[in-house]
Amino acid sequence: MGSTPGAGRALAVALVMTAAALTATACGASGGSGAEDEARAPFRASSAASGSPTRTPTPESTHPPTGVRACTGALTRASVADDPEGDLMLTVTNTSGAPCTAYGAPRLTFGDSSSAVTPSRDTAPRAPVAIGPGDSAYAGILMAWEPDDFVTVDKGSLTFAADGKGHGTAGEPVAVALPDRTPYEELDAEVTYWQWSREEAHVDG
């Protein structure tokens, strides 16, 4: 018995639909649509990378954090020692549990003088020195250029600036001991601005 034309057409349509279904299944197994590929691309890229991702370090700011209080004698411990590459080196260490900022130059008086030692203007750092708990800041002291008209002193007084513009003082003055009896000439003496390191605070007499 021969097949009818209608049955032949139905069989042909069925075969075409079956082939299309098989093709779609194969494509789904081998990969997704363009949108799916784009969505998966970052995951594939990160999975292909070997090891942990490298974290780019953030540069530390040289400016003190906003709201950090000014250093005072009550928040720090001050000491003065001979400087092998200069006259004297003033060191202040933050003894509190929070950062403080050393603004400008230290305000120093020595002996019976009521005048603060002149700051060396060309030593001003790019920004005030923020001192973390347990960290230190430094200032070099030049007691005399040519000590031919001087007095000898063994102690002085230190006060901190209240802000970077020199408006007022922060806290009460604190006494600082000097090594032995130090020659001091009021007109020639200078002190550097607060510095981050001893190297930056050296002054040559």
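Me: Leaving aside its neighbours within four places in sequence, which residues is Ser120 in contact with?
Reply: This is a predicted model, in which local features need pLDDT of at least 70, side-chain atom pairs count only at pLDDT 80 or more, and totals for chains, interfaces and linings use all residues. Residues are numbered from 1 along each chain as its sequence is written, and side-chain values use heavy atoms, with hydrogens and water left out. Ser120 is found in the loop between strand 5 and strand 6, where helices (H or I, at least four residues) and strands (E, at least two) are DSSP runs numbered from the N terminus. With contact meaning heavy atoms within 4.5 Å, and neighbours within four places in sequence left aside, the residues in contact with Ser120 are Glu190, Val191, Thr192 and Tyr193.

Me: Does Ser120 count as buried or exposed?
Reply: The cut-offs are under 20% relative accessible area for buried, over 50% for exposed and in between for partly exposed, with a 1.4 Å probe and protein chains only. Ser120 has 12% relative accessibility, and therefore it counts as buried.

Me: How many bridges join strand 2 and strand 7?
Reply: Strand 2 is joined to strand 1 (residues 76-82) by 7 bridges in an antiparallel arrangement, and a hairpin connects these two strands through 5 residues. Towards strand 7, Thr91 stands opposite Tyr138, while Leu88 has Ile141 as its bridge partner. The pairing of strand 2 with strand 7 is also in the antiparallel sense, and the number of bridges is 6.

Me: How many residues of strand 2 are buried?
Reply: Leu88, Leu90, Val92 and Asn94 point one way from strand 2, whereas Met89, Thr91 and Thr93 point the other way, and all are buried. Strand 2 is therefore largely enclosed by the rest of the structure, the buried count being 7 of the 7 residues.

Me: Which residues have the most contacts inside the largest nonpolar core?
Reply: A nonpolar core is a set of buried Ala, Val, Leu, Ile, Met, Phe, Trp, Tyr and Cys residues joined through side-chain atoms within 4.5 Å. The largest one here has 30 residues, and those with the most contacts inside it are Phe110, Ile141 and Trp194. Among the elements that give two or more residues to this core are strand 2 (88-94), strand 7 (136-142) and strand 9 (169-184).

Me: Which residue does Cys71 join in a disulfide?
Reply: A disulfide is a pair of cysteine sulfur atoms within 2.5 Å, and by this rule the count comes to 1. Its S to S distance is 2.1 Å, and it joins Cys71 to Cys100. Cys71 lies in the loop between helix 2 (34-48) and strand 1 and Cys100 in strand 3, so the pair ties together parts that are 29 residues apart in sequence. Both residues are buried, and with 85° about the S-S bond the link is right-handed, the partner of Cys71 being Cys100.

Me: With which side chain does the side chain of Ser136 make a polar contact?
Reply: A polar contact is a pair of N or O atoms within 3.5 Å; within protein, one must be able to donate a hydrogen and the other to accept it, and residues adjacent in sequence count only if both atoms are side-chain atoms. Ser136 is found in strand 7 and is partly exposed, with a relative accessible area of 21%. Ser136 and Thr93 are 43 residues apart in sequence but 4.2 Å apart in space, C-alpha to C-alpha. The side-chain polar contact of Ser136, at 2.8 Å, is with Thr93.

How values were computed: Two strands pair if DSSP finds at least two bridges between them.
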